[in-house]
Amino acid sequence: MAAVELRGLTKRYGEAAVVDRVSLTIEHGHLVCLLGPSGCGKTTTLRLIAGFVEPSEGEIRVGERLISSPANTVPPERRNMSMIFQSYALWPHMTVAENIVYGLKLRKLDRDTIGKKLDAILATTKLAPLAQRYPGELSGGQQQRVALARALIVEPETLLLDEPLSNLDANLREEMRFEVRRLHDAYRYTTVYVTHDQAEAMTTADLIAVMNAGKIEQAGTPEDIYDRPSSEFVARFIGSSNVIRGVGLAGGRVEFAGVPLRCVGAKVEAGASTPVSIRPHDIAISLRQPGDTDNLVPATVVRQVFLGGSRDYMVESKDGTQLRVVTAAAESIPQGSAVWLGLPPDRCRALTG
Amino acid sequence: MTIALPAQAAERAKFKLDYTVPVLAGFAAVLCVLVVLPVSWLIYYSVTIGDPASNVRVFTLAHFYTLFTDPAFVNPLLTTITVAVSSSVLCCAVAAPMGWLVARTDMPFRRTVRLLVTASFVTPPFLGAVAWEILAAPNSGLLNQLYRFVTGAPQDEHLFNIYSLSGLIFVITCYTFPYVFVLVANALDRIPADMEEASAMLGAGTWRTARRVTIPLALPALLAGILIAFLQAMILFGSPAILALPAGFHTMTTKIWSLFQYPPQPELAAAASLPLLVVTVMLLRAQHTILGRKGYTVLGGKNADPRLIKLGWLAVPAMTFVVAVISLPLFLPYFALFNAAFSPIATTLVTPANATLHNIYFTFVELSSTQLALNNTFILGAASATLGTVLALVIGYATARQAVTGHRVLGFLATAPIAIPGIVLGVGLFLSYTRPPLVLYGTLWVLLIAYVTIELPAAYQQLQSAFRAVNPELEDASRILGATRLQTLRRITAPLLRTNVLATWCFIFVSTIRELSAAIMLFTSETKVVSVLIFDLKESGELGAISVLGLSMLVLTFAVVIGVNRMPGFGGTRLRNT
C-alpha cells in the first residue's frame, strides 16, 4: 500500500538543478539504493523524500497521499518516516535509552508499551547492556546500532538511510551491510538507502537507481545494473569496465580498430560514434588466432601484473585504445607480445551517448 | 481512508501555519530600528541645519567645515589621533613580548599571568582612570607622595602627572593592551608545533625558528591587535573625560559629550560623530582582511603541544617584566581603590588607626542616588542580557540554519553595531528618541535600547558559532521522528546550547554594568546608572565613594556570574559530545 512514488521531482538552487526530473517508484517493502558519486543529488533526493527540502517541481506520493509538491509540503514530522543520518545524529545529552524512545514519547504511548518496545529493540540490536550510556561513550559501530534502533522503534512507513556506513572502518562496514539487509528482511519497511559505495548497494538493495548530475541514469536490479549497463556512466561507475569508442555500421555492428563488432544493448545507428562497454574479465586473450570467430581484435600487451588470484593485463589495440583484461593467474603472456582479444558478442554492450 | 488523508493533511497544514517567516520578519524590523534609525538621524543632522523662522531643516555642509577648520575641533581631532597611535604602539610593544612569553616559553606561572591579564578586562577603563588619579595625581598621588618621601623633594615637585597627554596615553594603554595580548597569545597557541618542528629538522635552532617561523606566523594577529587597540583608544570616553578634562584638553569623545552640555549643539555633535563612525568601519574591515575569515575563532583545538623555549636564567628578567606590566592595570590600581575605600582621605595610606567604614556608610546610606543607580543598573543589566540573548539566539538560529531567505541581511544587521562607537550611538539615540512618535529619552527604555544594540554583535557571534557547532542533523533527526520545529528547539537544541546561552547572558550583563560612553549621553537624573554615578562623583571629588562603588560593581559582577551558574537546571549538566 505504501509505495513511495517520485514524479518528475526537481530541485533547483538558483539556476542549478541539483535534482533534475527524477521519477522512481518504490514498491512496498522494497529496499532501493540511490547510488552515485558525491554531488549527484542523491542526498538531496532523500531530503526531498524526508520533507526537509521542498521541491521546485514534481511531486512525491506515499500510497495515494501527496506529501510533497511545490505548493504544499507536509513537514517531516507528519510523514511517518524515520531516517538514519551520516553522522548518526545521536543526541549527546540523552542516554542510549532516551535517544531510542524519543519518537515513542512524541507519539504519547503509555509507559508499559514504551518499555516493552524498548526491551525488544535493545535485544534485536544487541544494545541492552549499553542502555544507560551516553552516545559519547560508545564506539562507532555501537552508535550506528543506536541510530538504527531509534529509527526502527517507531515502526515507520518508510525508512531513509543517508550514507549510514560511511563513518565506519572497513571491516565493520562490511559486517553492517549484512546487518542492514538482515534488519530489512526482518521488518520489511519500505527503505530508501543513499550511498556512493557500489558494494554496499549490491549487498543491500532490491533495486539500484544510479544517479548522475541530478538524474537517474538507470534503475534496475543489481544484476541488471552490472550486466546490462545502459550508459557509459553506469558502465564505468559500477565495477570497472572498458568503454571503447567505435562507429556504428549498418546491420547493428560497431566498427572498432577495423573490426566490425557484434554487440547487444542499445540500438546502433549507422555512422554514429558509439561507445561499447566490456568488462575486463569477459575478454579472452590468446597468442594464436582462435579459429574463425567474430569479434577478434588484434592487440599488443603493454604490461602485465601478477595479482596472486588473477593476472591483470593492459593491452593496446591498433588504433591506440588501451583495454584492461583480467585472466586466470596461470595464463602468462610476456609484455610486448602480439595477441588476439576475443570479445564475446553477448558481453559487448553498445551504450547510448 | 486513503482518500481522506490528503484533505486532512492540507487542513492541518493550514491550521498549523509556519510562524517562522513572520516572526523573523519582525526581528528584522526590530534590528532595523536598533541600527538604522540612530545612524540615519545622525547623518541627517550632520548635514542639515534648522531654520528657526520656518522650522524646516535645510541642507548644509557648514558643520563639517567647522569640524575641520575650527581649532576647537581640530585640536581634539589631533589629540585623538596622537593618543590612538601612541597607545596602540605601546600596547603592541608590551603585549607582543608578553603573549610570546606566555604561549611559547617555559616561563613559570604562565597560566596565572593569562588569568590575571584576562581579569584586567573586567575593570571598567573609567574605574582604572580614577584609580590612577589616586596613584599619580601631581600633588596628592600616592606614588608622588612616595617619591617625595624617599627623595626628600619639596612639596610642589612630582614624579608623575596623570593629568597630561602622556598620562592619558599611559592609562588607556593599561586597559587596551589585554586585547592585543589575547589575540597574540591565542594566535601563538594555534601555530601547529609541526611547523616549528619542520624548521628545526632543517637545522634551525630554537631562537632562529622563533624568529623566522613563529613570529611571522603571529604577525597578522599582532597587526589586527594594533588596529583594535587603536580603535579602543579612539572611541574611549571615560579615561579622557577623567584625565584630559582636568588637564584642559579634549579628545573627540569628550568634545562630542561637551556639545551636549548647555547650550546643546546636536548638529555639530552629529558631524563630529561621523568621522569616528567612518574610521571604525574602515579599521574593522582592515582587521577582517588581515585576520581572514577564521581570525575571530578563539576556540579551536591545538594540534600538538607547542615547542616551549627554555628561558633558563632569562626567566628572572622575564618574570620581572611581566609582573611589572600586570601591576600597572591590576595590582597598583586595586591597591589604590581598596586603600581609598577604607581611608578617610583617598590619598592617605590606610593604617589600623585611621581605617574607617565611613565611605561605605556614605555611599550606601547618605548618598541618595546610590540606591537608584544600583537598581537601575541591575534592572538594565538583567533586561539587556535577557533581551540581547533572545535576539542573538533567534538571529543566530536563522542565520546558522539559513531558516529564511534574507538571513544574510539579518546577520549583517546584527553585526553592524560593532562599528558604532558607544558615544556615537548615544548621539544617534538621543536624536532619534527625543522626538515623537517615540519619546523615550529620559526613560530606562532608551538605555535598554543602547545596551542591547551595543552588546548584540558579540552576543550574536557567540551564539551563532554555538549553533554552527550543533550538527543540523541532530535537529533533523528529531523532526523526522515526529517533533515539530518548536518541540525540536525545546527538547534538542535548547539543552545542547544551554551553557552557551548562559555564558552569553552573563557576558552581556557584565558588559552592560561597565558601559559608560552611551549611558553618559542618555541618562537623566531618574535613570542614572552606577557607571554614570561614578562619573558624577568624580566631578565632586568623592574618590572614596567611587572606590566603594567600583569595588561593589565587581562584587556584583562576580555574584551574578556565580549565581546564574549555580541556578538549578542551569550549568553543571552532564553534557557529552560525540
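Author: First, a definition. Rings of Phe, Tyr and Trp (its six-membered ring) pair if their centres lie within 6.5 Å. The model is predicted.

Reader: Which residues form one aromatic cluster with B:W41?

Author: The cluster is in chain B and includes B:W41.

Reader: Are the rings of A:Y187 and A:Y189 stacked or edge-to-face?

Author: Their centres lie 5.6 Å apart. Planes under 30 degrees apart count as stacked. The planes of A:Y187 and A:Y189 are at 15°, so the pair is stacked.

Reader: Which of the two, A:Y187 or A:Y189, is buried?

Author: Buried means under 20% relative accessible area. A:Y187 has 28%, so it is partly exposed. With 12%, the buried residue is A:Y189.

Reader: Are the rings of B:Y44 and B:Y45 stacked or edge-to-face?

Author: The ring centres of B:Y44 and B:Y45 are 6.3 Å apart. Planes over 60 degrees apart count as edge-to-face. Here the angle is 75°, so the pair is edge-to-face.

Reader: Which residue lies over the face of B:Y45?

Author: A charge counts if CZ of Arg is within 6 Å of the ring centre and within 35 degrees of the ring normal. The distance to the ring centre of B:Y45 is 4.0 Å, and the residue is B:R57.

Reader: Over which ring does the charged end of A:K11 sit?

Author: The charged end of A:K11 is 5.1 Å from the ring centre. The ring belongs to A:Y13.

Reader: Where is A:R188 found, and what is its phi?

Author: A:R188 is in the loop between α5 (170-187) and β8 (190-195) of chain A. At 38% relative accessibility, A:R188 is partly exposed. Most residues other than glycine have a negative phi. A:R188 is not a glycine, yet its phi is positive, about 60°.

Reader: Is A:R21 buried or exposed?

Author: A:R21 is in strand β2 (residues 16-26) of chain A. A:R21 also has a positive phi, about 45°. Exposed means over 50% relative accessible area. With 56%, A:R21 is exposed.

Notes:
Residues numbered from 1 in each chain as written. Chains lettered and ligands numbered in written order. Predicted model: local features only at pLDDT ≥ 70, side-chain atom pairs only at ≥ 80, totals over all residues. Heavy atoms only, no water. Buried < 20%, exposed > 50% of the residue type's maximum accessible area, 1.4 Å probe, protein only. Helix = DSSP H or I, 4+ residues; strand = E, 2+ residues; numbered from the N terminus.
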